[in-house]
Amino acid sequence: MGSKGLRVVVGMLALCFAVLMAHAQEKIKVSGLITTRTGETIIVRTNERGVVTVVLDDDTKVQQPRGLIGVRKRSMSAAVLIPGLRVSVDGTSQDATHILAKSITFDRNDLQTAEMIQAGLTPTEEKVATNQQNIATNAQDIKANQKDIATNQQNISANQQATAANQAAIDANAVETSKRFSALSEYDTKGQLDVRFASGSAKISAEDQAALKKLAEDAVKQTGYIIQVKGFADSSGNAAMNQKLSMERAQNVIAFLIQDCNVPVRHVIAPGAMGEAAPVASNETAAGRAENRRVEVKVLLNRGISGS
């Protein structure tokens with residue numbers, strides 16, 4: 001082959017290589033629901049491409065639009081990328097099902113909904129509890145006012161109408177909540193710790209700091225682990241104050257895990273503030289209240305990774 005022919009072959013090979021590289025670095029944008037979080041990757045169910053794996057690295061920007069038109073954006077930690085959150089991903093295509101994320105954006109309202117799912121505080125459950133309380137109250141009123149049957153019958157009719165209206169709202173919320181729960185993958189708990197606090201305090205004791213370090217040492221040995229943190233308070237004080245206190249406790253635990261235990265922030269799920277909800281002991285005794293002033297820390301591993 002002559003030198004001219006050789007140059008033609010080399011030129012064609014270079015062109016093919018350039019086309020392949022351009023295709024490999026194809027820019028792509030998808031939107032969908034996070035179904036699974038495993039350390040440096042999230043699984044997103046999209047309408048455009050079905051299920052895709054989104055890879056995070058140190059250059060990935062996580063942002064929340066601000067203002068009426070969303071031009072300004074607030075930088076957020078990767079810890080907010082939790083199952084149940086709707087996101088928009090800009091990045092480059094690694095192959096048909098893998099995307100290297102350059103930026104990930106989400107709406108504040110969608111984050112609040114996802115956090116409620118993580119904390120177990122769904123609007124449906126709250127409305128069911130409210131309706132149950134209303135029904136119990138109505139039953140007591142009927143029994144106490146049996147002498148005035150006609151009046152009670154009118155009240156019963158009104159209550160039935162209110163219950164029917166509430167049930168319709170419950171059913172509508174249940175449909176949306178069921179969709180989100182069905183999209184979440186199951187996890188195995190590989191480690192668990194309850195951090196206790198003094199009344200009105202969010203300071204972590206030296207004993208619990210040592211326990212957290214041991215939990216973190218065991219966690220980093222797992223592949224694709226995530227750490228879930230939920231803060232709680234006892235019933236002392238008002239509900240708003242306890243809600244804030246439970247968040248401060250959870251945030252302090254997360255800060256300790258990241259700063260003192262060297263846990264990468266992308267392996268930690270955004271904290272759940274439970275306030276006075278889900279007590280593990282009676283708030284009527286000092287010992288019970290001490291049990292309820294806690295932060296629950298769990299090391300979770302997706303069953304697809306753990307092989308369960």
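Buried here means a relative accessible area under 20%, exposed means over 50%, and partly exposed lies in between. The coordinates come from a predicted model. With a salt bridge taken as a side-chain nitrogen of Lys or Arg within 4 Å of a carboxyl oxygen of Asp or Glu, the count is 7.

Select R293 and D234 to begin. Their side chains form a salt bridge, with 2.8 Å from N to O. The pair joins distant parts of the chain, 59 residues apart: R293 sits in the loop between α7 (286-292) and β11 (294-302), and D234 in the loop between β9 (226-231) and α6 (239-259). Is R293 buried or exposed? Its relative accessibility is 12%, so R293 counts as buried. D234 has 5% and therefore counts as buried.

Next, select R294 and E296. These side chains meet in a salt bridge at 3.2 Å, N to O. R294 and E296 are both buried.

Now go to helix α5 (residues 206-219) and select K214 and D218, which both lie in this helix. They are 4 residues apart, about one turn of the helix. The closest N and O atoms of this salt bridge are 2.7 Å apart. How accessible are the two partners? D218 has a relative accessible area of 32% and is therefore partly exposed. K214, at 44%, is partly exposed.

For the last stop, select E40, D58 and R266. A network of salt bridges links these residues.

Technical notes. Residues are numbered from 1 along each chain as its sequence is written. This is a predicted model: local features need pLDDT of at least 70, side-chain atom pairs count only at pLDDT 80 or more; totals for chains, interfaces and linings use all residues. Side-chain values use heavy atoms; hydrogens and water are left out. Helices (H or I, at least four residues) and strands (E, at least two) are DSSP runs, numbered from the N terminus. Buried means under 20% relative accessible area, exposed over 50%, partly exposed in between (1.4 Å probe, protein chains only).
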